[in-house]
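Keep the viewer open and try each task before reading its solution.

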Amino acid sequence: MTDIQFSGDKVVADFIIHNLAVAVIYPEPYRGQGTAVGWEVEEQKEVSIASFKGVIVWIGPSADLSDHVMIAADARFYNGEGLLATPGFVDSHTHLVYAGDRSDEFEMRVQGRPYLDILAAGGGILRTTGAIRDLAEDVIYEESAFRLESAMEWGVTTIEIKTGYGLDLKNELKMLRVIDRLRRDYPARIVATFMGAHAVPAEHRENPDQFVDEICNVWIPEVARLKLAKFNDVFTENKAFSVEQSRKVLEAGLKHGLKAKIHADEVNVLGGVDLAVELGCTSADHLLMTGDEGIAKLKESGVIPTVLPGTSTYLMESHHAPARKMIEAGLPLAIASDHNPGSCQFLGAGIIQSLAMLQLKMSSSEALIAQTLHAAHALAMGEDIGAIEVGRRMDIALFELDSFRQIGYRVGQNFLHDLIIDGQPVFSGEVE
Ligand code: NIG
Ligand code: FE
């Protein structure tokens, strides 16, 4: 983190968003100590936010700016008049790199065919695996870049992207290279997760344990050596990976410096939450079926529970993740899109926020914190991003709205005006 510099008693700034109508501030940001504190945000009016080398150095009433901030000679100003500033959204769980179309499966599911049945019949994840193996890296890149742009257009400044459609070393590395290329080409912060244990491919169907051994002994060491992923994830589910297999995969990752994530309790409760707590996973995701016992265990851990309202909606589940119970238990709940070609085509951050409210009964304030600060913790970035606070990165979403409460309320309508990442405007370049 850049040290904040002072000139006399003024703080030095090289980028200022001035005259903002409203900025959303989190009075008691979660500091990663187990229990979420403030779920109520504060809307400050007529404020300016100043940064230096991409780090927020001052937030205060626009009228006080010149008393507290020393404007560097080459400083740039961004006119915030009429705009609402929220922290940039953090989408901490996506499968955004993929290719091909599964709209026929969507129709089948609408007619009642279960998601796991489609997977067991060689469709689902395995269908996308066929596309990833067949298509050129450039084609996969182009399709994925389009979706990344769309996510950013909805206010996302940080996004996690998983592999898991290659399912052999060559094609998993192909996916990691696509993610890496997106990271280099776009200003968004992109976090890569290796998910070789997403499904058992056809060639290993007879011997899934051997497939797991290959992931642990060959793929993970190679992915770690190439430094292409921060996290290692596993789909712990019937027709995917058992708890024992998942333990092996996650332990192999941890041994090689890959932090652990887990897809747990999405359809069946197999013990994924216990495993997440035992291994100290950074996050446990889905948690649709998690009960009181699982919530109590999560409470004793530093695992960030991440729920995905887009997926339970898209899968037409009658039941959704117990977000209210988690919030009432004091858990630092995160929400994310889980955007993928089969179980969730929702992508826009604002829509995920609407779904968190409509399906999970979260308040607009809870949804916003879950989708920014807590999601940042789900990526082990909770110290640096996720809130408008002095010392954090200047990652901000600017909306043509009067209040953050309108983001979820105006379902499916996008009022994003611009994004600021590291103190750099992304879209309009409206700098004075
Ligand atoms: O997170 N749950 C497993 N994997 C994805 C679905 C991927 C797919 O269907 O392509 C998910 O929901
Ligand atoms: Fe997922």
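## Exercise 1: The two domains

Start with the layout: this predicted model splits into domain 1 (6-88 + 387-425) and domain 2 (89-377).

**Task.** Work out how far apart the centres of domain 1 and domain 2 are, and how many residues of each are in contact.

**Solution.** 
1. Take the centres over C-alpha atoms: 30 Å lie between that of domain 1 and that of domain 2.
2. Now look at the contact itself, where 36 residues of domain 1 meet 34 residues of domain 2.
3. Together the two domains bury about 2700 Å², and carbon and sulfur atoms account for 64% of it.
4. On the domain 1 side, Y30, W39 and I421 lose the most area to domain 2, making up 28% of what that side buries.

## Exercise 2: Charges and strands at the contact

**Task.** Find how many salt bridges run between domain 1 and domain 2, and which element gives the most residues to the domain 1 side.

**Solution.** 
1. The count between the domains is 2 salt bridges.
2. D422 and R189 pair up through their side chains in a salt bridge, at 3.0 Å from N to O.
3. At least two residues each on the domain 1 side come from β6 (84-87), β15 (396-399), α16 (405-409) and β16 (416-421).
4. Of these, β16 gives the most, with 4 residues.
5. Sort that side by class and you get 19 nonpolar, 10 polar and 7 charged residues.

## Exercise 3: The iron ion

**Task.** Which residues coordinate the iron ion (ligand 2)?

**Solution.** 
1. The donors are H93 (NE2), H95 (NE2), H263 (NE2) and D338 (OD), at 2.0 to 2.4 Å.
2. Along the chain, these donors are spaced as H-x1-H-x167-H-x74-D.
3. H95 sits in the loop between β7 (89-91) and α2 (103-110), while H263 belongs to strand β11 (residues 259-264), so the pair links distant parts of the chain, 168 residues apart.

Notes: Residues are numbered from 1 along each chain as its sequence is written. Chains are lettered from A and ligands numbered from 1 in the order in which they are written. This is a predicted model: local features need pLDDT of at least 70, side-chain atom pairs count only at pLDDT 80 or more; totals for chains, interfaces and linings use all residues. Side-chain values use heavy atoms; hydrogens and water are left out. Domain bounds come from an automatic or database domain assignment. Contact means heavy atoms within 4.5 Å. Buried area is the accessible area (1.4 Å probe) that two parts lose on being put together, summed over both. A salt bridge is a side-chain nitrogen of Lys or Arg within 4 Å of a carboxyl oxygen of Asp or Glu. Ala, Val, Leu, Ile, Met, Phe, Trp, Tyr, Cys and Pro count as nonpolar, Asp, Glu, Lys and Arg as charged, and the others, Gly among them, as polar. Donors are N, O and S atoms within 2.8 Å of the metal (3.2 Å for Na, K and Ca); water is not among the atoms, so sites may look incomplete.
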